[in-house]
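Here is a short walk through one protein model. Take it step by step, with the structure open beside the text.

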Amino acid sequence: MSRVELKSKDAISGKEGRAYLVINGRRHLLFCAKKIKIDFEKQKAEIKTIGRRVTGHKATGFSLKGDMTILQPEDTFTEMAIDYIRTGQDMYFELLIENDDPTSEAGNKQTIVRDCNLDNATLAMLDADADSLEQEVSFTCEDIDIIKKYKKLSYGN
């Protein structure tokens with residue numbers, strides 16, 4: 001039986017790609033993004049039955065949450081927060097995330113995250129110890145799709 005292993009060159013670099021912020025149908029390159037992560041968390045109910053010692057679990061829903069680290073001078077999220085403070089009108093956005101490592105045979109992957117809603121934003125900052133100013137932003141989202149998948153790698157025998 002032959003062993004198939006991932007070739008090192010085909011591991012996807014976390015630095016290669018782009019992220020776009022989509023607001024009101026307009027797409028903006030998030031050139032100041034340092035890190036973006038979208039998490040899926042399943043919600044479960046405990047199921048207990050007579051005659052069974054183990055507590056079972058049944059999925060009842062899920063949540064999608066995102067976190068990103070952005071470098072200044074990205075002000076979009078600060079502006080969203082200030083608009084909410086001033087008007088009370090909430091703003092939703094989409095993220096288009098592209099993983100695109102040109103050295104990998106896997107090609108690229110595109111993920112769209114929809115109905116994102118800001119949880120927090122830093123409105124102003126100074127830091128004497130920082131080489132660069134970074135802002136942590138968290139948000140919830142309600143939908144996600146992979147619109148382009150990586151190629152299936154086949155190394156043969």
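Buried means under 20% relative accessible area, exposed means over 50%, and partly exposed lies in between. Keep these cut-offs in mind. The model is a predicted one.

Begin with charge. How many salt bridges does the structure hold? There are nine salt bridges. One of them joins the side chains of K9 and D10, at 3.4 Å from N to O. Are these two residues buried or exposed, or something in between? K9 has 39% relative accessibility, so it counts as partly exposed. D10 has 3%, so it counts as buried.

Now move to R114. This residue meets D145 in a salt bridge of 2.6 Å, N to O. That pair links distant parts of the chain: R114 sits in strand 6, D145 in strand 8, and 31 residues separate them. R114 also forms a salt bridge with D143, where the closest N and O atoms are 3.4 Å apart. Here too the pair links distant parts of the chain, with D143 in strand 8 (residues 143-148) and R114 in strand 6 (residues 108-120), 29 residues apart. How accessible are the three residues? R114 counts as partly exposed because its relative accessibility is 24%. D143 is partly exposed as well, at 31%. D145 is partly exposed, at 35%. Shared partners matter elsewhere too: salt bridges that share partners join K9, D10 and E105 into one network.

Next, look for open space. The largest pocket holds about 610 Å³. How many residues line the largest pocket? The lining has 23 residues, and G14, I36, I97, E98 and N99 lie nearest the centre. Several strands contribute. Strand 1 (17-23), strand 3 (33-47), strand 5 (92-100), strand 6 and strand 8 each supply at least two lining residues. Which strand gives the largest share? Strand 3 does, with six residues. By class, the lining has 10 nonpolar, nine charged and four polar residues.

Turn to the aromatic rings. A pair of aromatic rings is described by the distance of the centres and the angle of the planes. The count comes to three aromatic pairs. F40 and F62 make a tilted pair, 5.9 Å centre to centre, with 35° between the planes. F40 lies in strand 3 and F62 in strand 4 (residues 56-71), so this pair links distant parts of the chain, 22 residues apart. F40 is exposed, because its relative accessible area is 53%.

Another pair joins F93 and F139. Their arrangement is edge-to-face, at 5.6 Å centre to centre and 65° between the planes. F93 lies in strand 5 and F139 in strand 7 (residues 134-141), so the pair ties together parts that are 46 residues apart in sequence.

R27 lies over the face of Y20, at 4.3 Å from the ring centre.

Now follow the loops and the backbone. S104 is placed in the loop between strand 5 and strand 6. With 8% relative accessibility, S104 counts as buried. S104 and K151 are 47 residues apart in sequence, and their C-alpha atoms are 10.0 Å apart in space.

Where is the cis peptide bond? It runs from Q72 to P73, with omega near 25°. P73 has its place in the loop between strand 4 and helix 1 (76-87).

Two residues end the walk. N24 has a phi near 50°, a positive value in a residue other than glycine. N24 lies in the loop between strand 1 and strand 2 (26-29). Its relative accessibility is 71%, so N24 counts as exposed. D115 has a positive phi of about 55° although it is not a glycine. D115 has its place in strand 6. At 38% relative accessibility, D115 counts as partly exposed.

Methods: Residues are numbered from 1 along each chain as its sequence is written. This is a predicted model: local features need pLDDT of at least 70, side-chain atom pairs count only at pLDDT 80 or more; totals for chains, interfaces and linings use all residues. Side-chain values use heavy atoms; hydrogens and water are left out. A salt bridge is a side-chain nitrogen of Lys or Arg within 4 Å of a carboxyl oxygen of Asp or Glu. Buried means under 20% relative accessible area, exposed over 50%, partly exposed in between (1.4 Å probe, protein chains only). Helices (H or I, at least four residues) and strands (E, at least two) are DSSP runs, numbered from the N terminus. On a 1 Å grid over the protein atoms alone, a cavity is a set of points where a 1.4 Å probe fits but cannot get out, and a pocket is an open set with protein on both sides within 12 Å along at least five of seven lines; lining residues have an atom within 4 Å of a point. Grid points are joined across faces, edges and corners, and a volume is the space filled by probe spheres set on the points. Ala, Val, Leu, Ile, Met, Phe, Trp, Tyr, Cys and Pro count as nonpolar, Asp, Glu, Lys and Arg as charged, and the others, Gly among them, as polar. Rings of Phe, Tyr and Trp (its six-membered ring) pair if their centres lie within 6.5 Å; planes under 30 degrees apart count as stacked, over 60 as edge-to-face and the rest as tilted. A charge sits over a ring if NZ of Lys or CZ of Arg is within 6 Å of the ring centre and within 35 degrees of the ring normal.
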